[in-house]
Amino acid sequence: MPERKTPKKPLIFYYLISLAILLIINVVVLPTFMRRQMTEVDYSTFLKAVEENRVLEVEMSADTQEIAYAALDERGQRQTYVTVVMPDPNLLDRLQRSENNIRFSRVKPTQPNPILTYLFSLIVPALLIIGLGRLFSRQLQTRMGNMMSFGKSNARVYVKAQTGKTFADVAGQEEAKEALKEIVDFLHDPEKYTSIGAILPKGALLVGPPGTGKTLLAQAVAGEAQVPFFSISGSEFVEMFVGLGAAKVRDLFEQATAKAPCIVFIDEIDTIGKKRGQGGFSGNDEREQTLNQLLTEMDGFDARKGVVLLAATNRPESLDPALLRPGRFDRRIPVELPDLAGRVAILKVHAAKVAMSPNVDFEAIARSTAGASGADLANIINEAALRAVRQGRNRVEQEDLEESVEVVVAGYQRKNAAISPQEKEIIAYHEIGHALVAAKQSNSAPVHKITIVPRTSGALGYTMQVEEDERYLLSKEEAMARLATITGGRAAEELIFNTATTGAANDIEQATRLARAMVTRYGMSDKFGMIALETMTNPYLGEDTTMTCSSETAAEVDKAVMEIINKAHERAIDILKDNMDKLHELARLLLTKETLTGEEFMQILGR
Ligand code: ADP
Ligand code: MG
Ligand code: ZN
């Protein structure tokens, strides 16, 4: 059912405005307007005029402390004046004693012009209301007109000069670039493909986590192909009136066919491409109509004419299957998080835009940023440049990059956070606990840095581990080692201070998530083996999972998770007990130095 949307500003709004204007006229404009005809004088002048018998009439206003009076001026002309009353008990006396038989009263002075009054109190408001009503109804008309005539969509036309991006701007993502190059090639020379009878896919869907360069890739395609580039975001199709979104789709394709060969890019297509008909009365006719129109248009246009459709999303699982069938977005181009080589390449692309010291080690930075997206890396370079400026340097050094990695990961340093010595001690032991447990296990990544400088993210300290090379798999042993490392912080608190603090909250969360995944998704528990007890709902956005087992099994899963974590915790305690002297020594050192590098740490450990 089409919803009747009320206009944005209800009628009462306009009445209120009229009312406000009226009030202003009455309270501010009119009085000053009238006042202007009267000369303002001081009280002594008024008294003098009374003495000299020049005053004819006196009127005291009821609400303000003012007297308006009529008097003869030097030339014997009647003038009106206004003055502020002084506290004067003799005033009446004076007026009565005057020879002039002054008429005095306590009302509004000089009646305003009756025509003026009429004008302001009746005609002006009427005019105002009529005027505003006109304006308002015209607005409504254009809005309705939009709906009726299905006005032009605001698809913007980009041509090469405007995107200015080429494949050289996109680092890593070689497979994605390869797939897109074919499309560019087709747009340059369609003959080559059509003569052999090949039909190019109508649409390519870029899927991947946020910030991996999907939008950037689409812009690069446009830049390389040197054809018109229509770019529109899925949300721009979302309209208030049913049918308007669909009209926009139709209009977009109309424009595109007229400009062929060209590229149409729909960013964040999941906004309009969600699965239809979920949840009974969805009441979302508008979105469904828009999607239907998109499907129809995709069937309707002829790929041979050279209209290529690109779309991007980070929620591929929520897309309507009809969008993905052959003949529509049949080519799926994964744009994944960059690997080590990819991260180095991305860092270099962005570093080229800032003044870098020649001996910067991009490898090291890339190694310490496993899991970072292209957008994160671009941000790291920019933060480093900002830091260099703050430090009064004109080149970015390695230390800037290292610090900005931490800023992006953990936030800025909170240098003046007031942490008591006792708490600092607990934090130091906690972090050394992590580091020691990590270092004493063979299946654990080397410790890169330990710090107890608090960060704006709320972290009071942290231990950074950096893998020597890129890892794609996680073995059961490594998972257990990681769990032991995570529990190492709390284990140290328990051993040394015989207490537990909230500082381990984040560790506990991490450990639970990992142990849970080991049981439900990685098949690493003896009890369940290779049974999927949980499925990922979205692989790219967070780790949304849903349990797919009975509640009895779920209870067993919890038990298995607990067992795993307890085992890891015990291992951490054992390791720390065996290395008590090192734990004390390192924690003392960390307390004085606040930050230990991996080398310093290993040196002391190896003594
Ligand atoms: P997405 O659309 O996948 O969410 P974007 O394309 O908007 O991500 O990327 C955001 C920014 O991150 C880009 O403008 C660019 O500066 C940077 N970026 C991401 N991936 C890359 C890459 N592969 N090479 C270079 N820069 C990248
Ligand atoms: Mg994007
Ligand atoms: Zn911790």
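Me: Why is R325 called partly exposed?
Reply: R325 has a relative accessibility of 35%. A residue is buried under 20% relative accessible area, exposed over 50%, and partly exposed in between (1.4 Å probe, protein chains only). The value of 35% falls between these limits, so R325 counts as partly exposed. This is a predicted model, in which local features need pLDDT of at least 70 and side-chain atom pairs count only at pLDDT 80 or more, while totals for chains, interfaces and linings use all residues. Residues are numbered from 1 along each chain as its sequence is written, chains are lettered from A and ligands numbered from 1 in the order in which they are written, and side-chain values use heavy atoms, with hydrogens and water left out.

Me: What makes the contact of D299 with R325 a salt bridge?
Reply: A salt bridge requires a side-chain nitrogen of Lys or Arg within 4 Å of a carboxyl oxygen of Asp or Glu. The closest N and O atoms of D299 and R325 are 3.4 Å apart, so the pair meets the definition. D299 belongs to helix α11 (residues 285-300) and R325 to the loop between α12 (321-324) and β11 (331-334), so parts that are 26 residues apart in sequence are tied together. D299 is itself partly exposed, at 37%.

Me: What makes residues 285-300 a helix, by the name of α11?
Reply: Helices (H or I, at least four residues) and strands (E, at least two) are DSSP runs, numbered from the N terminus. In these terms the protein has 22 helices and 16 strands.

Me: How many salt bridges does the structure hold, and which residues join D400 in a network?
Reply: The structure holds 27 salt bridges. In one of them, D400 meets R393, with the closest N and O atoms 2.7 Å apart. D400 is buried, at 0% relative accessibility, whereas R393 is partly exposed, at 25%. Salt bridges with shared partners connect R387, R393, E399 and D400 into one network.

Me: What makes I12 part of a nonpolar surface patch?
Reply: Patches consist of residues with over 30% relative accessible area and no salt bridge; like charges are joined within 9 Å, and nonpolar side chains (Val, Leu, Ile, Met, Phe, Trp, Tyr) within 5 Å. I12 has 53% relative accessibility and so counts as exposed. I12 lies in helix α1 (residues 11-35). Together with F13, L16, I17, L19 and I21, I12 makes a patch of about 510 Å². Such accessible areas come from the Shrake-Rupley method with a 1.4 Å probe; for residues, only the protein chains shown count as cover.

Me: Why are β1 and β5 said to stand at the edges of their sheet?
Reply: The open sheet of five strands has the order β1-β4-β3-β2-β5, with mixed pairing. β1 (39-40) and β5 (103-105) each have a single partner strand, so one side of each lacks a neighbour in the sheet. Two strands pair if DSSP finds at least two bridges between them. Within it, T39 stands opposite Y81.

Me: What makes β7 a mostly covered strand, and which strands pair with it?
Reply: Five of the five residues of β7 are buried. G203, L205 and V207 point one way, and A204 and L206 the other way. Five bridges join β7 in parallel to β10 (residues 307-313), where L309 stands opposite G203. Four bridges join β7 to β11, also in the parallel sense.
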